[in-house]
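Please look over the sequence and the model shown here. The report follows.

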Amino acid sequence: MRTLVLNAGFEPLAVVSFKRALVLVMNDKATILAADDDNPVFGSFGAYDRPSVILLTRYVRIPQGRMVPVSRRGVLRRDGHRCAYCGANATTIDHVLPRSRGGEDSWENLVACCLRCNNVKGDRTPAEMHWELKVRPRPPHGSAWLVRGIESPLPQWDDFLTPVAA
Ligand SMILES: [Zn+2]
């Protein structure tokens with residue numbers, strides 16, 4: 001059982017074990033926003049709510065400039081699984097400037113791409129294809145991208161997670 005930790009400003013901060021979350025609550029460092037009512041925790045002092053979402057009492061400063069590592073899954077997620085060239089459902093990623101021509105593995109040079117466009121494009125640039133990118137690829141930002149474990153959320157977290165911008 002995992003617990004979503006929200007910063008005092010309500011933005012997602014971390015995903016921890018419910019035991020760790022309970023320790024924070026018992027030390028008055030956090031309050032429970034949502035609990036799994038069907039599965040209370042039994043300890044030597046009695047039964048406790050099993051927290052599924054907690055809110056920190058004090059604001060934790062997040063260091064600026066934390067970079068999200070680029071990944072295939074991340075690119076698909078950022079682009080909402082939509083092909084950057086035709087808008088169809090995308091299952092692959094494409095180097096806008098092909099790797100064979102010096103294109104990098106970067107957020108700016110990778111886009112979600114459908115199989116068809118990927119095959120047609122091959123080692124060419126969008127300009128050579130007379131294609132236009134529907135999106136300007138950028139590194140994603142926001143805590144939803146930086147919190148490990150948040151990409152597979154529990155249903156109880158739904159109300160507390162802001163939708164990820166595509
Ligand atoms: Zn396409």
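## A threonine in β5

The side chains of T92 and N118 are joined by a polar contact of 2.8 Å. A polar contact is a pair of N or O atoms within 3.5 Å; within protein, one must be able to donate a hydrogen and the other to accept it, and residues adjacent in sequence count only if both atoms are side-chain atoms. A polar atom of the T92 side chain also lies 2.7 Å from the backbone oxygen of C113.

T92 belongs to strand β5. Helices (H or I, at least four residues) and strands (E, at least two) are DSSP runs, numbered from the N terminus. T92 is buried, at 16% relative accessibility. Buried means under 20% relative accessible area, exposed over 50%, and partly exposed in between (1.4 Å probe, protein chains only). Leaving aside neighbours within four places in sequence, T92 is in contact (heavy atoms within 4.5 Å) with residues including R72, L76, V111 and C114.

## Basis of the model

This is a predicted model, in which local features need pLDDT of at least 70 and side-chain atom pairs count only at pLDDT 80 or more, while totals for chains, interfaces and linings use all residues. Residues are numbered from 1 along each chain as its sequence is written, and side-chain values use heavy atoms, with hydrogens and water left out.

## The zinc site

Which residues supply the protein donors of the zinc ion? They are C83, C86, C114 and C117, each through SG, lying 2.3 to 2.4 Å from the ion. Donors are N, O and S atoms within 2.8 Å of the metal (3.2 Å for Na, K and Ca); water is not among the atoms, so sites may look incomplete. The zinc site is tetrahedral, with angles of 101 to 116 degrees among its four donor atoms. Four donors count as tetrahedral if all angles lie between 85 and 135 degrees.

The donor residues are spaced C-x2-C-x27-C-x2-C in sequence. C86 sits in the loop between α2 (72–78) and β5 (92–95), and C114 in the loop between β6 (110–113) and α3 (115–121), so the pair ties together parts 28 residues apart in sequence. C86 is partly exposed, at 36% relative accessible area. C114 is buried, at 7%.

K121 lies in helix α3. Its relative accessible area is 0%, and K121 is buried. A polar atom of the K121 side chain lies 3.0 Å from the backbone oxygen of R124.

K121 and V96 are 25 residues apart in sequence, with their C-alpha atoms 9.5 Å apart. Leaving aside neighbours within four places in sequence, the contacts of K121 include Y85, D94, V96, M129 and W131.

## Two positive phi angles

F10 is not a glycine, yet has a positive phi of about 75 degrees. F10 is in the loop between β1 (2–6) and β2 (12–17). F10 is partly exposed, at 47%.

H130 is not a glycine either, and has a positive phi of about 60 degrees. H130 lies in the loop between α4 (126–129) and α5 (143–146). H130 is exposed, at 74%.

## The chain as a whole

The protein chain has five helices and six strands. Their order is β-β-α-β-β-α-β-β-α-α-α. The radius of gyration is 21 Å, well over the 15 Å that the globule rule gives for 166 residues, so the chain is more spread out than a compact globule. That radius is taken over C-alpha atoms, and the globule rule is 2.2 Å times the number of residues to the power 0.38.

The C-alpha trace spans about 70 × 30 × 20 Å along its principal axes. Buried residues make up 39% of the 166 residues.

Methods
Tetrahedral: all angles 85-135°; square planar, octahedral: opposite > 155°, others 65-115°.
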